[in-house]
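Hello, and welcome to my notebook.

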Amino acid sequence: MPKVYSGDLTRLFDISGKKAVIIGGAGGFGKAIAEGYAANGCSVLISSRKEAALKAAVNEIKAVAAPGVVVKYFACDASKEADIMACRDFAVSPNGLGGCDILVCAQGFNKKMWSWEIDTAVWQDMLNTNITSVMFACKYFGNWMKENNLEEGMAKPDPAAYEAGKATPGQGYGKIITFGSVRSIRAVGNGGNGNVPYNTTKGAVEMMTKAFASDLRPNIQVNSLGPTITYTPMMVGLLPPDEKVRDGIAAALPAMRIGREIDMVGPAIFLASAASDFITGSTIYPDGGLTAVG
Ligand SMILES: NC(=O)c1ccc[n+]([C@@H]2O[C@H](COP(=O)([O-])OP(=O)(O)OC[C@H]3O[C@@H](n4cnc5c(N)ncnc54)[C@H](OP(=O)(O)O)[C@@H]3O)[C@@H](O)[C@H]2O)c1
């Protein structure tokens, strides 16, 4: 188990030497977190569908990475089970990171559709991308951590000890961070702005996070980040291009602005570090106070 050090805050939050897989790692929040991790000594493997975007992101992450940090990518569609299994196999292999201590699920998309016009194919795609892909990632990386991230003295579980219908005997450690949203627990006011499908998926991710926290116990912490509206690539076209106009949308919030990608980095380091070892199944809302006043 990671130790909590007294009198040395930098060690409490230390993620150096760790290995993190970040799905959606070429996107707005995912890349910001990958840069934050790599700059603080944590090796990262980023994954999403578009190889060109991954290659460009790898170069940007390498530019800020601490010495010795490994930065890799693996192109895959996280909503496909075989792809996630291949991503895990590569990540834990010597050609990848050689292991996985931290999983961040920063994939997802939003397509606004008023309830009368919900397109069934898009709805299904959103469920697959925003919910099912998170389940696949938590299942395959989480259970790998449970069986392989063993503290000294812990025996590797014998496959013969596995019993159908029962939890695995593995007690390996790990950190898993999913992405919910303020929309996990707050619908949009004034008619909802076509957000029924997105809100549905984000509510599901928040509950899935709690359920995985219970399933992967006792040494894997599974928590969620619930940001507010932030001008990431996902929001280009949905938000005005002018920053002042965008921030005006959030004038009623305590923070009086919308989110920035970097707002997620501190909470993501906290949830990946020993400082959060007794926090599991929870959500942190780095939301400028939206859920406090909304
Ligand atoms: N921005 C906001 O205002 C906001 C607010 C609250 C919550 N969130 C949540 O934060 C997370 C990150 O969003 P973001 O704003 O950073 O969006 P983003 O910039 O669009 O990044 C999303 C990433 O997910 C990847 N992705 C999408 N579908 C995928 C799939 N099937 N398999 C693998 N990767 C896939 C995308 O890459 P490819 O397209 O190349 O696959 C992209 O790298 C999402 O879960 C989002 O719902 C965002």
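My entries follow, starting with the ground rules.

**Ground rules.** I am working with a predicted model, in which local features need pLDDT of at least 70, side-chain atom pairs count only at pLDDT 80 or more, and totals for chains, interfaces and linings use all residues. Residues are numbered from 1 along each chain as its sequence is written. The helices (H or I, at least four residues) and strands (E, at least two) I name are DSSP runs, numbered from the N terminus.

I looked up the strand order and found an open sheet of 7 strands, 3-2-1-4-5-6-7, with parallel pairing. Two strands pair if DSSP finds at least two bridges between them. At the edges I noted strand 3 (71-75) and strand 7 (283-284), each of which pairs on one side only. Strand 6 (residues 220-225) runs parallel to strand 7 and is joined to it by 2 bridges. I checked Leu-225 and found that its bridge partner in strand 7 is Ile-284.

**Helices on the sheet.** Which strands does helix 2 lie across? I listed strand 1 (19-23), strand 2 (43-48), strand 3, strand 4 (102-105) and strand 5 (174-179), and helix 2 runs at about 165° to strand 2. Axes here are lines fitted to C-alpha atoms, for helices over the stretch in contact, and angles run from 0 to 180 degrees between N-to-C directions. Helix 3 lies across strand 2 and strand 3, at about 170° to strand 3.

**Helix 2 and helix 3.** I then followed helix 2 (residues 28-39) to helix 3 (residues 51-64): their axes come within 8 Å and cross at roughly 35°. From helix 2, Lys-31, Ala-34, Glu-35, Ala-38 and Ala-39 meet Ala-57, Glu-60, Ile-61 and Val-64 of helix 3. Contact means that the C-beta atoms, placed from the backbone, lie within 7 Å. I sorted this contact by class and got 6 nonpolar, no polar and 3 charged residues. For the classes, Ala, Val, Leu, Ile, Met, Phe, Trp, Tyr, Cys and Pro count as nonpolar, Asp, Glu, Lys and Arg as charged, and the others, Gly among them, as polar.

**Helix 2 and helix 8.** Helix 2 also packs with helix 8 (residues 265-272), at an angle of about 60° and with the axes 9 Å apart. That angle makes helix 2 oblique to helix 8; angles under 35 degrees count as roughly parallel, over 145 as roughly antiparallel, 65 to 115 as roughly perpendicular and the rest as oblique. I found Ala-32, Ile-33 and Gly-36 of helix 2 in contact with Val-265, Ala-268 and Ile-269 of helix 8. These divide into 5 nonpolar, 1 polar and no charged.

**Around the ligand.** How many residues surround the ligand? I read 29, the closest being Gly-27, Arg-49, Gly-108, Thr-232 and Met-234. A residue is near the molecule if its C-beta atom, placed from the backbone, lies within 6 Å of it. Helix 2 turned up again here, giving the largest share of the shell, 3 residues. By class, the shell has 13 nonpolar, 13 polar and 3 charged residues.

Most residues other than glycine have a negative phi, and most peptide bonds are trans. I noted a cis peptide bond from Arg-217 to Pro-218, with omega near 5°. Pro-218 sits in the loop between helix 6 (196-215) and strand 6. Asn-190, not a glycine, has a positive phi of about 55°, and I located Asn-190 in the loop between strand 5 and helix 6.

Notes: Contact = placed C-beta atoms within 7 Å.
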